[in-house]
Amino acid sequence: MNITAAYTDLYQITMAQVYFETKPDGRAVFDYYYRHNPYNSGYSIFAGLEDVLDILETLKFSDSDISYLKEKGFENEFLEYLKNFRFRGNIRSSKEGDVVFPNRPILQVEANIIEAQIIETVLLNILNFQTLIATKASRIRRSAKDEILLDMGLRRAHATGGYYASRAAAIGGFDSTSNVKAAEDYNIPSSGTMAHSFIQSYDSELEAFRDFAKVRPENCVLLIDTYNTLKLGLPNAIKVAKEMEERGDKLLGVRLDSGDLAYLSKKTRTILDEANLEYVKIVASNQLDEYVIKSLKEQGAPIDIFGVGTNLVTGKPDAALDGVYKLSEYNGTPRIKLSENIIKVSLPFKKQVYRMVDANGMFYGADAIGLFIEDEVSQMEHPFDITKKLDLSSFKHEPLLEMVMEEGKRVVPTRTVTEISKYSQSRLEQLPNEYKRFQNPHIYKIGLSPSLKEERDALIKEHKI
């Protein structure tokens with residue numbers, strides 16, 4: 001899909017026309033953040049930044065976009081402006097792949113109000129989805145430990161979302177993908193086995209296995225559960241494996257796609273080993289997620305490769321990440337959004353976020369949000385509970401928001417998916433285990449500098465009726 005500036009919500013363009021007519025030179029600061037970790041997790045993995053930067057560098061309205069907007073009744077003078085629209089703003093952001101937490105700026109846009117408004121939808125669309133999937137993938141990686149993880153969810157994905165899901169899965173820790181286009185574009189290792197239909201198209205399962213192994217001897221994996229896993233599929237796979245050995249080839253693995261995976265994998269491993277085929281790997285698929293894989297590992301299932309589809313690429317059971325994009329400053333003046341729900345009260349001002357790192361290089365469990373002009377935050381205060389404060393003077397302060405785009409041009413080197421994934425794994429290693437457990441993880445503290453809290457509280461008092 002060719003993404004143009006029309007990949008946005010209509011109200012963004014409607015607001016942009018009003019800005020154009022009334023205050024075309026306004027300068028805005030917007031914060032991107034989310035309110036809740038998905039999956040009841042203790043963390044999320046930030047993903048999608050590289051795609052956002054690539055899109056923004058070339059974002060414009062096409063001729064057909066302009067024609068469509070003319071039909072929608074937009075004024076000619078405004079449409080002439082849109083013909084030359086480009087994003088020329090600045091973006092400061094956390095590194096893609098970093099461990100992030102709710103209710104603190106992850107990315108900050110500083111730009112002309114029209115430009116900042118028009119890019120909101122595409123930014124949220126990409127960052128929310130990829131962060132959701134990368135977080136799911138990270139949790140699955142924790143369950144699988146060192147075993148190989150294959151993303152095979154494209155056919156179950158939400159249309160072209162499957163393309164970005166494969167990228168996000170790789171960032172979260174998956175080793176390969178069945179998605180050929182994503183593998184090609186993002187340089188992700190590609191993997192694939194066979195479908196039941198391939199075997200069904202033959203009169204004999206053994207004949208199907210033989211043909212497949214002859215034509216595709218490299219990385220050959222045979223699907224053994226089409227008819228009867230232990231009585232037909234596995235014996236036929238063993239016959240073909242022996243024939244491959246005689247030709248100087250080796251069967252890579254057998255795949256289980258149904259039934260009791262723990263029981264079948266144990267029986268399969270025993271029978272393969274008895275046939276002196278210890279090198280043949282066992283691949284398992286069929287509605288896997290972090291909990292099923294964790295259970296299989298706890299049962300001692302000798303599975304070497306997990307193929308995960310639907311539950312990964314759809315982000316099940318959470319349908320979306322609740323990421324938002326809120327105005328925090330306009331023409332140098334702080335702005336705030338109030339709500340009866342305190343979690344929805346936004347933070348004013350241009351800001352920096354600091355991560356506290358202890359003497360051992362581990363994350364302490366606190367990110368402090370300060371005013372942009374503050375070099376560090378020696379004390380952190382709870383956003384709303386006046387009794388909770390934290391002395392941060394003994395910790396290393398790591399600033400998290402760095403300039404990644406200036407005047408519409410990328411100012412940091414492009415990073416590959418592999419580089420982002422390795423960085424993400426290194427950051428997770430710095431996160432204490434209590435924040436990574438599946439059940440009742442510790443809550444990572446997010447607090448405000450005294451100066452920011454004072455200024456925010458003054459704005460709340462000013463605007464409250």
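## The parallel sheet

In this predicted model, Leu149 has Phe306 of strand 11 as its bridge partner. The strands involved are strand 6 (residues 148-151) and strand 11 (residues 305-308). Four bridges join them, and they run parallel.

Tyr32 has Tyr325 in strand 12 as its bridge partner.

## The largest pocket

What is the volume of the largest pocket? It is about 870 Å³. The lining counts 36 residues. Closest to the pocket centre are Asn103, His382, Pro383, Tyr444 and Ile446.

Four strands each supply at least two lining residues: strand 1 (27-34), strand 16 (379-381), strand 17 (389-391) and strand 21 (445-448). Strand 21 gives the most, with four residues. By class, the lining holds 18 nonpolar, nine polar and nine charged residues.

## Gln352, a buried polar side chain

Gln352 sits in strand 14 (residues 351-357). Is Gln352 buried or exposed? Its relative accessible area is 8%, so Gln352 falls under the 20% cut-off and counts as buried.

The Gln352 side chain reaches the backbone nitrogen of Leu401 at 3.0 Å. Leaving aside residues up to four places away in sequence, Gln352 touches a run of residues from Ala368 and Ile369 through Gly370, Leu371 and Phe372. Gln352 also touches Pro399, Leu400 and Leu401, as well as Arg92.

Helix 2 (residues 49-58) is mostly covered. Seven of its 10 residues are buried. These are Leu49, Glu50, Asp51, Val52, Leu53, Ile55 and Leu56.

Asp211 lies in helix 10 (residues 205-215). How accessible is this residue, and what class does that give? At 28% relative accessibility, Asp211 is partly exposed, because the value falls between the 20% and 50% cut-offs. The C-alpha atoms of Asp211 and Val240 are 9.6 Å apart, while the two residues are separated by 29 residues along the chain.

## The whole chain

The protein chain has 465 residues, and 55% of them count as buried. The chain contains 16 helices and 21 strands. Its C-alpha atoms fill a box of roughly 80 × 60 × 40 Å, taken along the principal axes.

Which share of the contacts with a separation of 6 or more comes from residues 24 or more positions apart? The figure is 75%.

Definitions and conventions. Residues numbered from 1 in each chain as written. Predicted model: local features only at pLDDT ≥ 70, side-chain atom pairs only at ≥ 80, totals over all residues. Heavy atoms only, no water. 1 Å grid on protein atoms, 1.4 Å probe; cavity = no way out; pocket = protein on both sides within 12 Å on 5 of 7 lines; lining within 4 Å. Points joined across faces, edges and corners; volume = space filled by probe spheres on them. Nonpolar A, V, L, I, M, F, W, Y, C, P; charged D, E, K, R; others polar. Buried < 20%, exposed > 50% of the residue type's maximum accessible area, 1.4 Å probe, protein only. Polar contact = N/O pair within 3.5 Å; in protein donor to acceptor, adjacent residues only side chain to side chain. Contact = heavy atoms within 4.5 Å. Pairing = 2+ DSSP bridges.
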